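Please read them with the structure open beside you.

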Amino acid sequence: MDLALNAPRAGTLQRWLTGPRVAGLPQPTESPVPKLSFEFFPPKNETLEQQLWAAIRRLEPLAPRFVSVTYGAGGSTRARTHETVARLVRETSLTPAAHLTCVGATCAEVDEVARGYLEAGVRHIVALRGDPPAGASGYTPHPGGYAQAEDLVRGLRRIADFDISVGAYPETHPAAPSADADLDFLKRKIDAGATRAITQYFFDTDIYLRFIDRCAAAGITVPIVPGILPVSNFKQVQRFSAMCGASVPAWMARLFEGVDDDAETRRMLAAVVAAEQVRLLQANGVDEFHFYTLNRADLTFAIAHLLGVRPQAPGGPEFGA
Ligand SMILES: Cc1cc2nc3c(=O)[nH]c(=O)nc-3n(C[C@H](O)[C@H](O)[C@H](O)COP(=O)(O)OP(=O)(O)OC[C@H]3O[C@@H](n4cnc5c(N)ncnc54)[C@H](O)[C@@H]3O)c2cc1C
């Protein structure tokens with residue numbers, strides 16, 4: 001085809017070839033291999049337990065920095081979280097991080113859980129305030145409990161030299177008085193001793209990039225690791241996002257239109273959306289990612305591969321680092 005004969009079409013072709021597509025971004029080989037962490041939730045029954053452990057075993061060779069296990073609303077999974085984390089210590093090369101919340105417990109009870117983790121060999125806690133139990137009108141601190149995540153961080157620091165991660169909200173926590181106040185509370189959690197923040201998931205890359213600029217301007221210097229949620233159940237994510245204050249862009253709703261009953265296509269779309277998101281973040285210098293795996297390995301594994309992460313041989317230099 002003689003492109004010179006048809007200037008407008010040549011322009012279109014040129015844009016198509018050079019436009020901002022994933023393939024046009026710097027190759028992962030040009031960036032440092034990113035550090036990953038994976039989040040799981042404790043299983044409710046035997047079948048889910050098998051699903052979780054299959055996911056853990058598949059992701060383990062990617063040598064994540066740590067894997068974290070959530071703590072059910074109001075501490076409802078206290079025993080299951082502990083069991084899962086303890087098994088990670090016993091049976092894998094992974095570094096586990098246990099989520100811990102303030103809801104529904106006194107400081108002494110929360111401290112006891114933290115000491116239990118220490119005894120089980122766990123050195124990393126994801127310290128959160130937690131959400132009010134289902135049906136409650138709003139958050140009320142337990143009398144005698146830690147009121148906010150900041151207080152929990154301080155309490156943990158008194159117990160041991162834990163590695164402490166906290167939550168961060170690029171689109172502002174829904175109960176915050178303002179975006180600036182929310183950022184100030186994040187800074188207070190860091191100043192109290194947190195070593196890293198992990199963000200709520202987001203879908204537009206610029207939301208995160210603007211947020212880390214604001215964090216830097218506020219003097220926050222610890223890593224603010226983006227939380228990546230590969231979305232294969234769009235309806236569920238829409239419902240959850242309405243509660244947690246994450247926005248769901250209109251383009252995403254259009255993308256998932258008409259595939260409610262087509263799980264296979266939804267998973268392919270999920271891979272494309274997450275792939276574009278992480279590659280754009282990587283092209284902007286982001287070299288650490290936290291994946292909300294929902295206890296499934298396939299999407300996370302594929303996206304990690306796309307970022308340049310490859311399985312390590314057991315015992316290799318990066319394995320379990
Ligand atoms: C990475 C990640 C993992 C999570 N894992 C879990 C989990 O395992 N289990 C679970 O139940 N929930 C989990 N959550 C959800 C979390 O518990 C909720 O978002 C909760 O509502 C806020 O927790 P936080 O630790 O961010 O709270 P905080 O930092 O304490 O903030 C909560 C709210 O209070 C405001 N605030 C903070 N300090 C003060 C203050 N001193 N005075 C007045 N207002 C204040 C903040 O602006 C915000 O609106 C997670 C969230 C994230 C981002």
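1. Helix α4 (residues 107-119) lies across β3 (96-101) and β4 (124-128), and runs at about 175 degrees to β3. The angle is taken between N-to-C directions on a scale from 0 to 180 degrees, with axes fitted as lines to C-alpha atoms, for helices over the stretch in contact; contact here means heavy atoms within 4.5 Å. Helices (H or I, at least four residues) and strands (E, at least two) are DSSP runs numbered from the N terminus.

2. Before going further, please keep in mind that this is a predicted model, in which local features need pLDDT of at least 70 and side-chain atom pairs count only at pLDDT 80 or more, while totals for chains, interfaces and linings use all residues. Residues are numbered from 1 along each chain as its sequence is written, and side-chain values use heavy atoms, with hydrogens and water left out.

3. In the protein as a whole there are 11 helices and nine strands. Of its 321 residues, 47% count as buried, where buried means under 20% relative accessible area, exposed over 50%, and partly exposed in between (1.4 Å probe, protein chains only). Among contacts between residues at least 6 apart in sequence, 79% join residues at least 24 apart.

4. The nine strands form an open sheet with parallel pairing, in the order β7-β6-β5-β4-β3-β2-β1-β9-β8. At its edges are β7 (224-225) and β8 (227-228), each of which pairs on one side only. Two strands are taken to pair if DSSP finds at least two bridges between them. In general, strands of a sheet pair through backbone hydrogen bonds, either parallel or antiparallel.

5. Strand β9 (residues 288-292) is joined in parallel to β8 by two bridges, and the bridge partner of I228 in β9 is F291. Five bridges join β9 to strand β1 (residues 35-40), again in parallel, with L36 standing opposite F289. Five of the five residues of β9 are buried, so this strand is largely enclosed by the rest of the structure. Both of its faces are covered, with E288, H290 and Y292 buried on one side and F289 and F291 buried on the other.

6. Most residues other than glycine have a negative phi. L294 counts as partly exposed because its relative accessibility is 42%, whereas N295 is buried, with a relative accessible area of 2%.

7. Helix α10 (residues 263-283) has 21 residues and reaches 30 Å from its first C-alpha to its last, close to the 30 Å expected at 1.5 Å a residue; the expected span is 1.5 Å times one less than the number of residues. Its buried residues include R266, L269, A270, V273 and A274. The cover over the buried residues of α10 includes α7 (205-217), β8, α9 (250-255), β9 and α11 (298-306). Just after α10, G285 takes a positive phi of about 95 degrees.

8. Helix α3 (residues 78-91) can be checked in a similar way: at 1.5 Å a residue its 14 residues should span 20 Å, and its end C-alpha atoms are 20 Å apart, which agrees. The buried residues of α3 are T81, T84, V85, A86 and L88, and these pack against α2 (46-59), β2 (66-69), β3 and α4.

9. Which residues is G104 in contact with, leaving aside its neighbours within four places in sequence? They are E109 and H142. G104 is found in the loop between β3 and α4 and is exposed, with a relative accessible area of 56%. G104 and D131, 27 residues apart in sequence, are 10.0 Å apart in space, C-alpha to C-alpha.
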